[in-house]
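I opened my notebook to record what I looked up in this structure, one topic at a time.

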Amino acid sequence: MDLRQFRYFVAVARERNFTRAARQLNIAQPPLSRQIQLLEEEVGVPLLIRNSRPVQLTDAGRLFFEQAIQVLGRVEQMQAATRRVGLHQRSVLSIGFVASTLYGVLPTLMRKLRQHAPELDIQMVELMSVQQIQALNEGRIDIGFGRVHHSDPNMSSIVLHEERLAVALPMESLMARESTPLPVHQLAGEKLIVYPKEPRPGFADQVLNILDRHGVQPGEVMEVREIQTALGLVAAEFGVCVTPASARQMRHDVHYRLIDGDRATSPVIVSHRANDSSKYISLTKQLIREMYAEHPAWLDAHN
């Protein structure tokens, strides 16, 4: 498959009509239909229901549509950023991050970077920790803020701090009647919601390893893709979820308690390519050191 097929499919999915999509793309309808057919053959499943008026997306088609929009948007960003750099208009720093770091180090760092390097075009890319290492190797990002240790010799990593973990509880749970730290053994037998489902290893494995070290066996483990889904299921009383303490800001219809247990923490790790001598990587690391030396309020709030 190629980007042209992505654009053709997105046009049909938006217009819900091959004739209008072909007119918008300035091509004839038969080659448009053929390219969509070739795309479906390569994917291996139908993406469109053609015998309906207007044309409908299959379940697979809806997923592909959402992903295709993201891919095309990312390509446009890449083209624009490359053009700016090639014309010496702006320097670009691409930062990978996991969602929970938005409640701690990243917002303050972004403000400081803009103050110290106003010429810098900062691009934020949400990626799981394992995905960040791959993206760094491929040059898609310049620096990453994650939570999982790695052994890649091409990367330089620093643990910024160990953040305490908390457990999100349904409001009606017996354990939600108190706000004191929750002994980790009280999670035994509870239905546990973990994230991300993939890629692995990830934060889910950290949580399960901590419970295993304490001899705690959950009653059932439910895997979901992201933290927002996990907390939504907690609010719906499907189970409990262990999160970084910073995630307590994400929803207010669940009850949070810090976990009381040995090494019940999750690291915040910054990584970059070991041979990257960019002045902006050096500036970022310098600003991080200054931030932690100031002992910001959010650092206490997460411990």
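The entries below go from the whole chain to a pocket, a helix and a single residue.

**Ground rules.** I am working with a predicted model, in which local features need pLDDT of at least 70 and side-chain atom pairs count only at pLDDT 80 or more, while totals for chains, interfaces and linings use all residues. Residues are numbered from 1 along each chain as its sequence is written, and side-chain values use heavy atoms, with hydrogens and water left out.

**Whole chain.** I looked up the secondary structure and found 10 helices and 12 strands, where helices (H or I, at least four residues) and strands (E, at least two) are DSSP runs numbered from the N terminus. The C-alpha trace spans about 65 × 50 × 35 Å along its principal axes. Of the 303 residues, 47% count as buried, a term that stands for under 20% relative accessible area, with exposed meaning over 50% and partly exposed in between (1.4 Å probe, protein chains only).

**Largest pocket.** I noted a volume of about 1,100 Å³ for the largest pocket. A pocket is an open set of points on a 1 Å grid over the protein atoms alone, where a 1.4 Å probe fits, with protein on both sides within 12 Å along at least five of seven lines, and lining residues have an atom within 4 Å of a point. The volume is the space filled by probe spheres set on the points. There are 32 lining residues, and those closest to the centre are Gln-70, Glu-126, Leu-127, Met-128 and Gln-131. Helix H4 (59–86) is among the elements that supply at least two lining residues, and H4 gives the most, with eight.

**Helix H7.** Which residues of helix H7 are buried? In this helix, residues 203–213, I listed Phe-203, Ala-204, Gln-206, Val-207, Ile-210 and Leu-211. Seen down the axis of H7, these buried residues fall within an arc of 165°, so they line one face of the helix; the arc is that of the directions from the helix axis to the C-beta atoms. Their cover includes strands E6 (155–169), E8 (191–194), E10 (240–244) and E12 (265–273). Just after H7, Gly-215 takes a positive phi of about 70°.

**Asp-260.** I found Asp-260 in strand E11, residues 255–260, and its relative accessibility of 47% makes Asp-260 partly exposed. Asp-260 and Pro-181 are 79 residues apart in sequence, yet their C-alpha atoms are 5.3 Å apart in space. Leaving out residues up to four places away in sequence, Asp-260 touches Arg-164, Pro-181, Leu-182, Pro-183 and Val-184, where contact means heavy atoms within 4.5 Å.
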